[in-house]
Amino acid sequence: MTKTKRKGQPEFPRKCNIGDLVNLDGYTGVLYRVDSYTENREVYSEETYMYVEYLLINVDNENEWNVGYDEDITLVAPASEAAKYLRNRKARERRRGRGKQTVDSLLDEYNDKMALFQLFGDAKYERAAKRAMAKLSKITKEAD
């Protein structure tokens, strides 16, 4: 096997390069990194087919890999911007997680205070429940 390209050999049309971040059709929510690619040429008596097969590694679980073709993948970020994209992605996920935790804790607080109000009839529990609901309402309006 030779690593050099023969003169006059046509270029393989390639959608992605090594290190690019891509999405693969049928795998919603999974981000892949192009680890390598294979250029395939099938020659028949009347025609020649050329296609590229990509080896894709899951960025969240490097033990999980897949194979994709140009028609199956969508470029998310080129290799030169991959590190920045992944940093921003992690920051967004942390913010989203904190927001979910805040909503969950406010709902818990509301339910707890309303249960205490119904049990004891003390207005301070009702006021605390209303404050929790007001905070929750504010957070959900900001998210829209």
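Biologist: Which residue forms a salt bridge with Glu39, and how far apart are the closest N and O atoms?

Modeller: Side chains of opposite charge can pair when their charged atoms come close. We call it a salt bridge when a side-chain nitrogen of Lys or Arg lies within 4 Å of a carboxyl oxygen of Asp or Glu. Here Arg14 is the partner of Glu39, with the closest N and O atoms 3.5 Å apart. The two sit 25 residues apart, Arg14 in the segment before E1 and Glu39 in strand E2, and the pair links distant parts of the chain. Keep in mind that this is a predicted model, where local features need pLDDT of at least 70 and side-chain atom pairs pLDDT 80 or more, while totals for chains, interfaces and linings use all residues. Numbering runs from 1 along each chain as its sequence is written, and side-chain values use heavy atoms, leaving out hydrogens and water.

Biologist: How many salt bridges does the structure hold?

Modeller: There are 4. One of them joins Arg89 and Asp60 at 2.7 Å, N to O. Arg89 belongs to helix H1 and Asp60 to the loop between E3 and strand E4 (65–69), so this pair ties together parts 29 residues apart in sequence. Salt bridges with shared partners also make one network of Arg33, Asp35 and Glu62; within it, Arg33 and Asp35 have their closest N and O atoms 3.3 Å apart.

Biologist: Is Arg89 buried or exposed?

Modeller: Buried means under 20% relative accessible area, exposed over 50%, and partly exposed in between (1.4 Å probe, protein chains only). Arg89 is buried because its relative accessible area is 12%. Arg14, by contrast, has 33% and is therefore partly exposed, and Glu39 is partly exposed at 36%.

Biologist: What pattern does the protein follow along the sequence?

Modeller: Helices (H or I, at least four residues) and strands (E, at least two) are DSSP runs, numbered from the N terminus. The pattern reads β-β-β-β-β-α-α, from 5 strands and 2 helices.

Biologist: Which residues make up the largest nonpolar core?

Modeller: In soluble globular proteins, nonpolar side chains tend to be buried together. A nonpolar core is a set of buried Ala, Val, Leu, Ile, Met, Phe, Trp, Tyr and Cys residues joined through side-chain atoms within 4.5 Å. The largest one here has 11 residues, including Phe12, Leu24, Tyr32, Tyr54 and Ile73. Strands E1 (21–24), E2 (31–43) and E3 (48–58) each give two or more residues, and E3 supplies the largest share, 3 residues. Take Leu24 in strand E1: its 6% relative accessibility is why it counts as buried. The C-alpha atoms of Leu24 and Thr74 are 6.6 Å apart, although 50 residues separate them along the chain.
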